Amino acid sequence: MSGEDKSLAERIEFPTIPEDARSKISHVQEELERAELEQLRKSVPLFAPIFKKREEIISLPSVKPDFWSRVFSAAPSEIEEYILEADAEILSESLRNVLVERFEVDAEGNGEPRSLRFTFEFDPENNEYFDNAKLVKEFYWRKQVQKTAKGKRRAWEGLVSDPVRINWKSPEFDPTHGLLDAACDLFEAEKKGGKRSDLPEYEALVKKLEVAEAEAMKGADEMEDEEFEMPEGDDESPAGASFFSFFAYRGRDVSAEQNEQAVKEDEERWAKIAKGEEVPEDDDEDEDDDEEDFDLVDDLEEAEVFPGGEDLAIAIAEDLWTNALKYYAESFQPSFDFDDDDFEDLEGMDEDEDEDEADEGEDQPPAKKARN
């Protein structure tokens, strides 16, 4: 077949990774990731005494009352974007302490360092919003490995968690608008048995999410009609999810047993790679998208209240928690947020003041010379 007879798609050649380098690149990249994970694991006991010293500073009577509320007020954009005005009020008035632990790592630096435990402590006497003095949310790092119909290996890994109920003193104080309660209701109903998607609590939560998303989209359209610019990052929380919806996050439905089996297979596979043995490469999902009998998506995704839960957990653990002293200090720095109109007004005021001073100068006698 001549070049002219070939279709355009057949004649176009897209550059690809050289075949003889593909697996080598993959294995070296995996080795780097494993080394980074080991580094994180060993850093846990190394940082422990430093965080203990930091806690002594935070516990000072002059610092403790508003330390963490100040830290959250100076939070970076990837955390700030999830804090609504109602959330900020609760955090500023009631939050007293925050603790982040990589709780699956022991004192010798052994264990899974990506699992996280968040403990938020609140002042009961200054909390008119809910009764909980403490909110504890644990995230477990899980891995899931499945085989496609063609026998190829597909893997998923990430954080999973159980929802944590908040006892709101009144529905009007709930910035999640009932979404957190609905997520907890579903979780508790699942414990009693039955197929998740058949439970009335599942249907109720999905409907609540649809309503919340529709209202958020309507609000976005109204803002566009009024020529308001949507804040950067709003697409991360399409339902305008409250920070306290973070406690509803679940992630994928991967059990500890599934994770243990996947980790075991991974270690066996890596041992073969280390010996120079050939192993099947993980499947590229794009290559088998037409496989209708294989799907790593579970029905929890339809009922996920806070899709950005994993990203927020990592951001708090790796940035806000670690750099809390820096953010506390930054909270004392004045913030000047002027737009162009503000600057024009200020310039106009300066000009008026200059004219007034000139007018006053014309009516005043010459200044006397100072004696030497």
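The legends below describe close-up views of one predicted model.

Residue numbers start from 1 along each chain as its sequence is written, and side-chain values use heavy atoms, with hydrogens and water left out. Because the model is predicted, local features need pLDDT of at least 70 and side-chain atom pairs count only at pLDDT 80 or more, while totals for chains, interfaces and linings use all residues.

**Figure 1. The whole chain.** The chain has 11 helices and four strands; these are DSSP runs numbered from the N terminus, with helices (H or I) of at least four residues and strands (E) of at least two. Of its 372 residues, 35% are buried, where buried means under 20% relative accessible area, exposed over 50%, and partly exposed in between (1.4 Å probe, protein chains only). The accessible surface is about 24,100 Å², and carbon and sulfur atoms hold 48% of this; areas come from the Shrake-Rupley method with a 1.4 Å probe, and for residues only the protein chains shown count as cover. Among contacts (heavy atoms within 4.5 Å) between residues at least 6 apart in sequence, 71% join residues at least 24 apart.

**Figure 2. The largest nonpolar core and Phe120.** A nonpolar core is a set of buried Ala, Val, Leu, Ile, Met, Phe, Trp, Tyr and Cys residues joined through side-chain atoms within 4.5 Å. The largest one has 62 residues, and Phe118, Phe120 and Phe244 touch the most other members. Helix H6 (residues 179-191) gives the most to this core, with seven residues. Beyond four places in sequence, the contacts of Phe120 include Phe72, Leu95, Val98, Leu135, Phe243 and Phe247. In soluble globular proteins, nonpolar side chains tend to be buried together.

Figure 3. Asp174 is found in the loop between strand E4 (153-161) and H6. Why does Asp174 count as buried? Its relative accessibility is 5%, which is under the 20% limit. The side chain of Asp174 makes a polar contact with the side chain of Thr176 at 2.6 Å. A polar contact is a pair of N or O atoms within 3.5 Å; within protein, one must be able to donate a hydrogen and the other to accept it, and residues adjacent in sequence count only if both atoms are side-chain atoms. A polar atom of the Asp174 side chain also lies 2.9 Å from the backbone nitrogen of Gly178. Leaving out residues up to four places away in sequence, Asp174 touches Trp168 and Asp181. His177, in the loop between E4 and H6, is exposed at 66% relative accessibility. The phi of His177 is near 55°, a positive value in a residue other than glycine. Most residues other than glycine have a negative phi.

**Figure 4. Asn132 between two strands.** Asn132 lies in the loop between strand E2 (116-122) and strand E3 (134-147). Asn132 is buried, with a relative accessible area of 13%. Its side chain reaches the backbone nitrogen of Asn167 at 2.8 Å. Not counting residues up to four places away in sequence, Asn132 touches Phe122, Asn127, Arg165, Ile166 and Asn167.

Figure 5. The structure holds 20 salt bridges, each a side-chain nitrogen of Lys or Arg within 4 Å of a carboxyl oxygen of Asp or Glu. Asp123 forms one with Arg96, with the closest N and O atoms 3.8 Å apart. Asp123 is in the loop between E2 and E3 and Arg96 is in strand E1 (residues 95-101), so the pair ties together parts that are 27 residues apart in sequence. Glu138 and Arg117 meet at 2.7 Å, N to O; Glu138 is in strand E3 and Arg117 in strand E2, 21 residues apart. Arg165 and Glu188 meet at 3.3 Å, N to O. Arg165 is in the loop between E4 and H6 and Glu188 in helix H6, so this pair ties together parts that are 23 residues apart in sequence.

Figure 6. Nine of the 12 residues of helix H9 (residues 309-320) are buried, among them Leu312, Ala313, Ile316 and Leu320. On the surface, Leu46, Phe47 and Ile50 form a nonpolar patch with about 300 Å² of accessible area together. Patches are made of residues with over 30% relative accessible area and no salt bridge, with like charges joined within 9 Å and nonpolar side chains (Val, Leu, Ile, Met, Phe, Trp, Tyr) within 5 Å. Phe47 is found in helix H2 (residues 19-58) and is partly exposed at 36% relative accessibility.
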